[in-house]
Amino acid sequence: MTQFMAITERNIKMYFRDKGAVFFSLLSMMIVIGLMVFFLGDLNIEGITGILGQFPGRDSSQDKENAQMLVLAWTCAGILSINAVTVTLSAYAVMIKDKATGKLNSIYTAPVGRRVITAGYIVSAWMVSVCVCMITLVITEVYGALQGLPVFSAVKHMQLIGMIMMNSFVYASLMYLMALLVKTEGAWSGLGTVVGTLVGFLGGIYVPIGTLSEVIVKIMKCTPVIYGTAMFRNVMTEKIMGDTFEGIPDDIISEYRRTVGIDLELFRKDLSITQELLLLLFCGILLMAVSAGILKYSKKTDR
């Protein structure tokens with residue numbers, strides 16, 4: 001246990017020591033904020049007010065204010081989801097550097113089991129992701145409260161913390177699998193650029209999932225990103241959704257929720273938050289199993 005703690009602590013310190021890695025791991029979040037502030041936010045708000053404006057007797061100024069708050073909560077949920085992807089990817093840069101510089105081979109010669117070393121990399125990436133996502137949650141919630149969003153209840157905070165931990169586990173598993181296959185720092189940096197670009201689309205953050213073609217939607221549903229984003233949105237938009245769409249028919253609300261990716265269908269059945277969490281857990285375990293198989297094979301080829 002002492003060896004495991006030492007390796008994990010070393011990896012965490014190396015990540016936070018590299019200010020450039022920390023910055024670029026948060027770059028996707030900054031891009032999302034910029035797009036929402038300058039471009040996509042107004043379009044989403046206009047879409048909501050357009051739906052509400054079809055019904056007579058509504059307060060247009062209140063509807064616009066509620067729409068702004070709904071888009072803000074929707075955006076913050078997306079940020080929490082993509083942070084887990086980009087932060088874990090950046091955290092494994094430590095492992096890639098160890099491989100590229102030969103340090104990993106030196107670590108393997110130490111009287112420490114490979115499983116302990118592997119666990120140290122995975123747990124450190126998971127802990128870094130949880131830490132950064134928790135800080136992001138606090139920042140987004142404070143900002144939202146200043147803008148007029150309702151503060152989450154204690155129950156919702158517990159739900160969100162659990163979701164952050166599960167989401168981070170999935171991407172700690174996924175990025176470890178990728179780190180096993182990548183040998184050089186340049187290749188990892190290129191992979192980071194591609195993933196950082198794609199994650200916003202795969203999570204339905206830049207463009208709502210309901211506006212995309214059926215083929216693209218099927219591709220998105222083959223990745224865990226969209227499910228993580230949907231469960232955060234479900235919790236974080238619940239209160240403001242009720243305020244915004246008060247008095248609106250349920251079928252219109254349901255259609256809007258599906259369009260913007262708050263509710264998801266899989267095999268023609270609506271997914272609950274619990275089912276999305278279980279799906280993410282399954283993905284994480286499956287990825288860990290694949291990684292274990294690759295490690296076992298690599299140990300045989302090293303002999």
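Visitor: Why is the sulfur of Cys 133 too far for a bond with the closest cysteine sulfur, and what is the distance?
Guide: This is a predicted model. A disulfide is a covalent bond between the sulfur atoms of two cysteines. A pair counts as a disulfide within 2.5 Å. The closest cysteine sulfur to that of Cys 133 belongs to Cys 131, and it is too far for a bond because the distance is 9.4 Å.

Visitor: How many disulfides does the structure hold?
Guide: Cys 222 is in no disulfide, since the nearest cysteine sulfur, that of Cys 283, is 10 Å away. For the structure as a whole, the number of disulfides is zero.

Visitor: Is Cys 222 buried or exposed?
Guide: A residue counts as exposed over 50% relative accessible area and as buried under 20%. Cys 133, at 1% relative accessibility, counts as buried. Cys 222 has 68% relative accessibility, so it counts as exposed.

Visitor: Which residues form a nonpolar patch on the surface with Val 142?
Guide: Val 142 lies in helix α7, residues 114-147. At 47% relative accessibility, Val 142 counts as partly exposed. The patch has about 310 Å² of accessible area together, and the residues that form it with Val 142 are Val 138 and Leu 146.

Visitor: What does helix α7 reach from its first C-alpha to its last?
Guide: Helix α7 has 34 residues. At 1.5 Å a residue, 50 Å is expected. The reach of α7 is close to that, at 49 Å.

Visitor: Which residue follows α5, and what is its phi?
Guide: Helix α5 covers residues 93-101, and its buried residues are Val 94, Met 95, Ile 96 and Asp 98. After α5 comes Gly 102, with a positive phi near 85°.

Visitor: Where does the partner of Tyr 92 in an aromatic pair lie?
Guide: A search of the whole structure finds four aromatic pairs. One of them is formed by Tyr 92 and Tyr 176, tilted, with 6.0 Å centre to centre and 50° between the planes. Tyr 92 is in the loop between α4 and α5, and its partner, 84 residues apart, is in helix α8.

Visitor: Why does the pair of Phe 245 and Tyr 256 count as tilted?
Guide: Planes under 30 degrees apart count as stacked, over 60 as edge-to-face and the rest as tilted. The centres of the rings of Phe 245 and Tyr 256 are 5.0 Å apart. The pair is tilted because the planes are at 40°.

Notes
Residues numbered from 1 in each chain as written. Predicted model: local features only at pLDDT ≥ 70, side-chain atom pairs only at ≥ 80, totals over all residues. Heavy atoms only, no water. Patch = residues over 30% accessible without salt bridge, like charges linked within 9 Å, V, L, I, M, F, W, Y side chains within 5 Å. Areas by Shrake-Rupley, 256 points an atom, 1.4 Å probe, with all protein chains shown as cover. Salt bridge = Lys/Arg side-chain N within 4 Å of Asp/Glu carboxyl O. Helix = DSSP H or I, 4+ residues; strand = E, 2+ residues; numbered from the N terminus. Buried < 20%, exposed > 50% of the residue type's maximum accessible area, 1.4 Å probe, protein only. Expected span 1.5 Å × (residues − 1). Phe/Tyr/Trp six-rings, centres within 6.5 Å; stacked < 30°, edge-to-face > 60°.
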